[in-house]
Structure formats: structure tokens, C-alpha cells
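Please walk through this structure from its domains to its ligands and then to its nonpolar cores. The text below takes these topics in that order.

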Amino acid sequence: MSSSRPDQPLSQLGLTARGGADPQISGLAVDSREVRQGYLFAALPGSQVHGAKFIPAALELGASAILTDTAGAGIAARILDESHAALVVVEDPRQTLAYAAALWFGGQPQTVVAVTGTNGKTSVASFVRQIWMELGHQAVNMGTTGIEGAWSYPLAHTTPEPITLHRALAEAAAAGVTHAAMEASSHGLDQRRLDGVQLAAAGFTNFTQDHLDYHETFDAYFAAKAGLFRRVLPEEGIAVINMNDPRGSEMRAVAAARGQEVISVGRGLGDLSLMGLRYDGTGQDMRFSWHDEPYQLRLNLIGGFQAENVLLACGLVIAGGEDPERVFETLPHLTTVRGRMQLAAERDNGSAVFVDYAHTPDAVASAIKALRPHVLGRLIAIVGAGGDRDITKRPLMGQAAHENADVVIVTDDNPRSEDPAVIRAAVKGGAPGCIEVGDRAEAILRGADLLGPGDALIICGKGHETGQTVGDTVLPFDDVEQASIAAAALDGRIA
Ligand SMILES: CC(=O)N[C@H]1[C@@H](OP(=O)(O)OP(=O)(O)OC[C@H]2O[C@@H](n3ccc(=O)[nH]c3=O)[C@H](O)[C@@H]2O)O[C@H](CO)[C@@H](O)[C@@H]1O[C@H](C)C(=O)N[C@@H](C)C(=O)N[C@H](CCC(=O)O)C(=O)O
Ligand SMILES: Nc1ncnc2c1ncn2[C@@H]1O[C@H](COP(=O)(O)OP(=O)(O)OP(=O)(O)O)[C@@H](O)[C@H]1O
Ligand SMILES: N[C@H](CCC[C@H](N)C(=O)O)C(=O)O
């Protein structure tokens, strides 16, 4: 990771080397292949290999300091003894790296909030950013869809590793961004990628199955998510919690134990209480209350869960110090989040095609259920599961589609290194009677062809993605584009 910052002594990064060495550091890297002359190389324990295996390569490239743990120091003991590089050995090098990166880059927008939960993080972060911008702030959201808003920048991860994260926050601040809403993934929290970010508030959307391949148990997955509330400023930080989720009370207890004020959000309960929704073809009318004061307004968004996400976003913006009345006035201006219940195409017979990022069993069920009241006719769902991810969620995703849609088409998502037919077979296991069409473009064409007047097609799983990963190759693929091509082809129009 290159850096244009002036060199700083190791001690300025809060690091103490064995023997008291304090070399000038010219940059930070977590991957040996990115090390340059004078860099600090963080040799982290990995899921595949210990980064210490790459210490010789990092030294070869000119690393002047190595940060690692005891195991790492042991792995590279001989070469470290022979080298002049400073050696920093700590218990948790990921956490230490995060704090060092915060000091190295030395800046962030004045107000930063974060949101965690299995589903809804991107939507909430985008709504928070949209509200801030409506209120006149220079704001960004950062996560799965990259950094968006007043300043934009692509990101490879929902929660980037700390060097990328702190560099992005510092550069955004230098570009005049005053407000940032970040997504905190469970991987990011577990790997301490956000440590060192000063968080004014944190939000929790919901907790359902995902990522058991990484966390192994629900408890470990929940503990990772709960870790966000241990990172919010104690005493002055505010927690915004969806109390309808069965784990909401537990999350609230974690925040309260840290002395954080809690803004509760829920359907028919909480400080921000969703009282009712009336759906139509283009959005919904929402009734809610804030500390028992009732409000009614229009949301140009599809899906009841987006109304819940909007209220959680309001809680985070209010937690960041904004006047609630002014916050609520912005809501009719909110626009669809890319690839989340996005109207992608319409057929000449009045039927519609939606694209959604549902890639967990709960999200597939929520997305289809949420579309139902907006639609008069049948609901057709296209579903598939990604390769190299939690295999136990596949039949559950098929089942969620089977139980909630009128017709289910099982297709490929991102097969990655796996045989797509094997993934489809697992999804089909939960969706008896489904139609199987491996090729995703053909599945979309088939789904759009089935649409009668008043029907809707929902294409789940890939949302905003613009590629399909097959093996090591990323082939261009965009569900929204394919939906409009399919509708145009079937209706004899030019897309
Ligand atoms: C599973 C996981 O999260 N892995 C992360 C972890 O890598 P790892 O432990 O698997 O690394 P490893 O391959 O064992 O290698 C160990 C160390 O050696 C280093 N290395 C490796 C090779 C080399 O030549 N030189 C070198 O220095 C690696 O940089 C690494 O630090 O630590 C690395 C450095 O911090 C991360 O880049 C890497 O994220 C990988 C790329 C990843 O894809 N993560 C995904 C699963 C992820 O984090 N996803 C969440 C979103 C989830 C969601 O909510 O949907 C996200 O926030 O994006
Ligand atoms: N509050 C919610 N409750 C249930 N499902 C939701 C909720 N919000 C979003 N979803 C579903 O989850 C999908 C992903 O939404 P979103 O991208 O906002 O979540 P996310 O947590 O950021 O996911 P990821 O980190 O994997 O990108 C949506 O397309 C929708 O199907
Ligand atoms: N952040 C999620 C996104 C999944 C998106 C879906 N299209 C898939 O490829 O499984 C993951 O990496 O598990």
C-alpha cells in the first residue's frame, strides 16, 4: 500500500521495538508484495498461512520494521536476528496495526458512524449519507458499493483492512468530507479492521445466518457483530438498535454496559417506532413516531424492510447531532440504493423486474415478502448461491424462495472455484418444482418471458455487482442491464 505521507519514526505510530530501535517509517503494508524501502510490514496470522512466512520477502524489498506476534517472531527468528529491521512483537498485531494506521494517516471526517448486521448495512449507510447530504453536509457512505457520495473511491471489501480504511478516511477528510457512514462487516470486526476509527454512533440492523464458513458458530458470528458496540466511544457514543430482532435486547445490553445512550427502533415499539406502511407500485406511505410524536410521509422506496432501514438511518443521523424534525423532512427525497429492490425494467404489459442483493436465506425471504404487497399479480424469483461461501445456506435460500414466490428459477450466482451444477443442486434441494437454468442471462430472459400483466420478477443475489466470478475469471455481468435487455428483446424494443 503506497503512501505519500512524510516519513515518521516508528515510535510516532505508538510502536515500541525490541531493543529500543526507532527507525524512520516510509509506509505500511500488510502484504509483503506491497512493501517498499523503509516500510513497516505487518506479518499477520492468516487463515491460510502466517504472514511471517513472507518476512524474508519483505526484508528483501527494504522493510525497516516488522510487526508480528510471538508465533510470527518464532517463524522468522533466524532471518530477523540477522537483519537490522526493528521488530515489534505484540499479542494482537491486527489491532496494533489498526491503531498504527490511524496514527500514520492521522485524520478522519468529524462525524463517523458505523452499522452492522447480517442484512441492510449498505442500505442504512447509503440512507444515512443521503440524509446528511440533504442537510447540506459533505458526506460519504463506505462499504460493499465502495465509497459513494461527496467523494468516491472503489473498495474491494465491505470493511477494508485498516491501511486502506484509514487512508480513505484521511483522504476523504482532506477533500472536505465531514460525515461518513461505514459498514462494519463481521469479518472486519473480527479482524479489528475498524479499530482506531473514532465512532460517534453505531447501528444494528438484524442477525440471521451468514458466513458460518468463517465464524463456524452463530455465537462467534454474533460476538463479532457485538464487537462494534465495544468500539463506539464509551459514555458519549450512541447505539441505535433494531429491537424487533430477537438478538436486539442482547445488543442493547452490550451497548448499555459501556454507558452508551441507546436509541431503539422497531415496528410498533421504540424511540423511533414504525406504526404503519401503505404500499403501491412506486413506493410506500410511512407512519412512524419519534418519542411518541406521530409523523406521516412518503418514501419512494420499494419494500417494508427499507422503511425499517430508513428509521435506523434516522436514528444514526440524530445520534450524530442533527435535529430530528429536519432529518424527517429529508426522507421523501431518499432514492433507491443501487441493486437493493431496484426497479430494473418494465415490460410493455405493465409487469416489472426488480434486482436485489438478497444472498442469505433471510434476505431472500424478506425481499420476496417485501415485494408482494407492491405487486398485484404473480411473483417470480430468480435465486442462486455463491461458490466458496457458507454451503449450509444454499438449500435454505432455495427454501426461502420456494415458500415465498409463485415461481422459482434456480440459476448461477458467482460459482468461484466450485462446480456451478453442484451449487444449483444444493439450492434446488430447498425448492422442489423449481425451474433450473444455469446460465444467468438465460434465466433472466426466461423469468421476464413468464411475466403476465401485473406480475413481477425479482432477481436475487448480485444486486450492484457488475461481474460474475467463474473460477479466477470475472466475466462482465450486470443483472440490471440483463433485465432491461431481456425486457426489450421480448417486447421488440431497442434496450
Ligand atoms: C477470510 C479473510 O477475511 N481473510 C483476510 C485475512 O487474510 P487471511 O488470513 O486469509 O490471509 P492468508 O492468505 O492466510 O495470508 C496471511 C497474511 O499473509 C499475507 N501475505 C500473503 C501472501 C503474500 O505473498 N504475502 C503476504 O504478505 C496476507 O496479506 C495476510 O496478511 O487478512 C487479510 C489482510 O488483512 C485480508 O485481506 C483477507 O481478506 C480477504 C481478502 C477476504 O476476501 N475477506 C472477505 C471474506 C471479507 O473480509 N469479507 C467481508 C464482507 C463479508 C460480508 O459481510 O458480506 C468484508 O468486509 O469485505
Ligand atoms: N432490514 C432488512 N431486513 C431483512 N433483509 C434486508 C434488510 N435490509 C436489506 N435486506 C436484504 O439484504 C440484501 C442486502 O442488503 P444490503 O446490501 O443493504 O445489506 P448488507 O448487510 O450491506 O449486505 P452485504 O454486506 O453482504 O453487502 C437486500 O438486497 C435485501 O434483500
Ligand atoms: N459479501 C458477500 C456477498 C455475496 C454476494 C453473492 N453474489 C455471492 O457471490 O455469494 C460475500 O462475499 O459473501
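Between domain 1 and domain 2, 9 residues of domain 1 are in contact with 9 residues of domain 2; two residues are in contact if their C-beta atoms, placed from the backbone, lie within 7 Å. On the side of domain 1 that touches domain 2, helix H4 (residues 93–105) gives the largest share, 7 residues. Helices (H or I, at least four residues) and strands (E, at least two) are DSSP runs, numbered from the N terminus. By class, this side of domain 1 has 7 nonpolar residues, 1 polar and 1 charged. Here Ala, Val, Leu, Ile, Met, Phe, Trp, Tyr, Cys and Pro count as nonpolar, Asp, Glu, Lys and Arg as charged, and the others, Gly among them, as polar. The protein chain is divided into domain 1 (8–102), domain 2 (107–333) and domain 3 (342–490), with bounds that come from an automatic or database domain assignment. The C-alpha centres of domain 1 and domain 2 are 34 Å apart.

This is a predicted model, in which local features need pLDDT of at least 70 and side-chain atom pairs count only at pLDDT 80 or more, while totals for chains, interfaces and linings use all residues. Residues are numbered from 1 along each chain as its sequence is written, and chains are lettered from A and ligands numbered from 1 in the order in which they are written.

Ligand 1 lies between domain 1 and domain 2, because both give residues to the shell around it. Of the 20 residues around ligand 1, the nearest are Gly 46, Gln 48, His 157, Ser 185 and His 187; a residue is near a molecule or strand if its C-beta atom, placed from the backbone, lies within 6 Å of it. The shell around ligand 1 has 5 nonpolar, 12 polar and 3 charged residues.

Lys 225 belongs to domain 2 by its number, and UniProt, in an unreviewed entry, places the feature "modified residue: N6-carboxylysine" there. UniProt positions are given in the numbering used here, feature names are shortened, and annotations may be inferred rather than shown by experiment. Lys 225 is in helix H9 (residues 218–226). Why does Lys 225 count as buried? It has 24 C-beta neighbours inside 10 Å, and a residue is buried if 20 or more other C-beta atoms lie within 10 Å of its own, exposed if 12 or fewer, and partly exposed in between, with C-beta atoms placed from the backbone. Leaving aside residues up to four places away in sequence, Lys 225 touches Thr 116, Gly 117, Ser 186, Leu 189 and Phe 207.

Ligand 2 is surrounded by 24 residues, of which Gly 120, Lys 121, Thr 122, Ser 123 and Ala 358 are the closest. Helix H13 (361–371) is one of the elements that give two or more residues to this shell, and H13 contributes the largest share, 4 residues. Domain 2 and domain 3 each supply at least three residues to the shell around ligand 2.

Around ligand 3 are His 359, Gly 386, Arg 389, Asp 413, Asn 414, Gly 461, Lys 462 and Glu 465. They divide into no nonpolar, 4 polar and 4 charged residues.

The largest nonpolar core has 122 residues, and Val 128, Leu 316, Val 364, Ala 381, Ile 458 and Ala 483 touch the most other members. A nonpolar core is a set of buried Ala, Val, Leu, Ile, Met, Phe, Trp, Tyr and Cys residues joined through C-beta atoms within 7 Å. H11 gives the largest share of this core, 11 residues. A second, separate core of 38 residues includes Phe 41, Leu 80, Leu 87 and Ala 100.
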